[in-house]
Amino acid sequence: MSRGLENLRGGRGVAVSPDNKIWVADRSTTRLKVYSMEGVYLYQFPQAASGLGYSSKTPSDVSIDKDGHLWVLMIGYPASPDSVVQVTRDGDLRANFDLPDTVPRGALRGMAVGLCNNHVYVTWSDGLSRGGVQAFTPDGKLLWNAGQRMVKPMYVAVDGKENVLVSDFDTNFIYMYDETGRYVMKFGGPGLSGGRLDRPEGICVDSSGEIMVVDASNKRVVMYTGRGKYVRHIALRAESLPAGVAVGPGGQLVVAHSRTITVLPRY
């Protein structure tokens, strides 16, 4: 199922909660958009007037931690720092911190939260020639910065072993780092079929440990084993290019496009 949604204008990051709600970071607003698994718009989040705490920043990515709380990456560029916000499902602000200005901000950023330790991983890039991924504690302390091999990292995911996976939009590789920021491996690479990629964006890891990558220009999602071996791919039929990807608790594959959500009941 692929549905165009009138109230979705800048869909980017996406997450699915255990109750089958789809949470979309929409760059056209200052809050998240929430949909049912059938693609019905439910509400904006948070519904309270205070929103996500920043009236001038827009959400770029969203992740759900082991306790069910939402983490949202808010982009303030160019006027103010980018920020990370932790919010309960009731809309209560639990924590927030500004990202340091020690790295360039020339491209959109992605974020994910580890399920083992609630470490927050955020990509960065100058949009031209270099980029990386940073790891933070839940209260915003910088743990490490890695990525000398990357050029334009866009999205990030974490597997069950706390390995960090980053999609590089420019090199067309997926890079893996361990929980200390040490480089482990890369896979993918430029191409149009099989395990090759053309402008990879969203990335997630399912309950079996398989890695799902949005192959944007080829309009498909590519599945790899946890060690980066190509398994197969799933074609996408929406007109707009895909961006974020998530897997639902019932095995649904959910892809966010700028104005569309694609839900595949099984993949």
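Let's start with Q86, which lies in strand β8. Strands here are DSSP runs of E, at least two residues long, numbered from the N terminus. Is Q86 buried or exposed? Q86 is buried, because its relative accessible area is 7%. Buried means under 20% relative accessible area, exposed means over 50%, and partly exposed is in between, with a 1.4 Å probe and protein chains only.

What does the side chain of Q86 meet? A polar contact of 3.2 Å joins it to the side chain of D65. A polar contact is a pair of N or O atoms within 3.5 Å; within protein, one must be able to donate a hydrogen and the other to accept it, and residues adjacent in sequence count only if both atoms are side-chain atoms. Leaving aside neighbours within four places in sequence, Q86 is in contact with D65, H69, L70, W71, D92, L93, R94 and A95. Contact means heavy atoms within 4.5 Å.

A quick word on the model. It is predicted: local features need pLDDT of at least 70, side-chain atom pairs count only at pLDDT 80 or more, and totals for chains, interfaces and linings use all residues. Residues are numbered from 1 along each chain as its sequence is written, and side-chain values use heavy atoms, with hydrogens and water left out.

Now the neighbour of β8. Five bridges join strand β7 to β8, residues 83-87, and the two run antiparallel. Two strands pair if DSSP finds at least two bridges between them. In this pairing, L73 has V84 of β8 as its bridge partner.

Look at β7 itself, residues 70-75. Six of its six residues are buried, so the strand is largely enclosed by the rest of the structure. Which way do they point? L70, V72 and M74 go one way, while W71, L73 and I75 go the other.

On to strand β6, residues 58-64. Six bridges join β6 to β7, again antiparallel. I64 has L70 in β7 as its bridge partner. The hairpin of β6 and β7 has five residues between the strands, and there G68 takes a positive phi near 85 degrees.

Next, strand β20, residues 220-224. Five of its five residues are buried, so β20 too is largely enclosed by the rest of the structure. R220, V222 and Y224 point one way from β20, and V221 and M223 point the other way.

Which strands join β20? One is β19, residues 211-215, antiparallel, through five bridges. V213 has V222 of β20 as its bridge partner. The hairpin of β19 and β20 has four residues between the strands, and K219 takes a positive phi near 50 degrees. Another is β21, residues 230-235, also antiparallel with five bridges to β20. There, Y224 is partnered by Y230 of β21. The hairpin of β20 and β21 has five residues between the strands, with G228 at a positive phi near 85 degrees.

Now an open sheet. Four strands form it in the order β2-β3-β4-β5, with antiparallel pairing. Its edge strands are β2 (11-16) and β5 (41-45), each pairing on one side only. The twist averages 25 degrees from one strand to the next. For that angle, axes are lines fitted to C-alpha atoms, for helices over the stretch in contact, and angles run from 0 to 180 degrees between N-to-C directions. Within this sheet, β3 (residues 22-26) and β4 (residues 32-35) pair over four bridges. I22 stands opposite Y35 in β4.

Next residue: W144, in strand β13, residues 142-146. W144 is buried, because its relative accessible area is 11%. Its side chain reaches the backbone oxygen of E179 at 3.0 Å. Not counting residues up to four places away in sequence, W144 touches Y121, V133, Q134, A135, V164, D178, E179, T180 and G181. Take T180: it is 36 residues from W144 along the chain, yet their C-alpha atoms are separated by 7.3 Å.

Last stop: how do strands pair in general? Strands of a sheet pair through backbone hydrogen bonds, either parallel or antiparallel. That's it from me.
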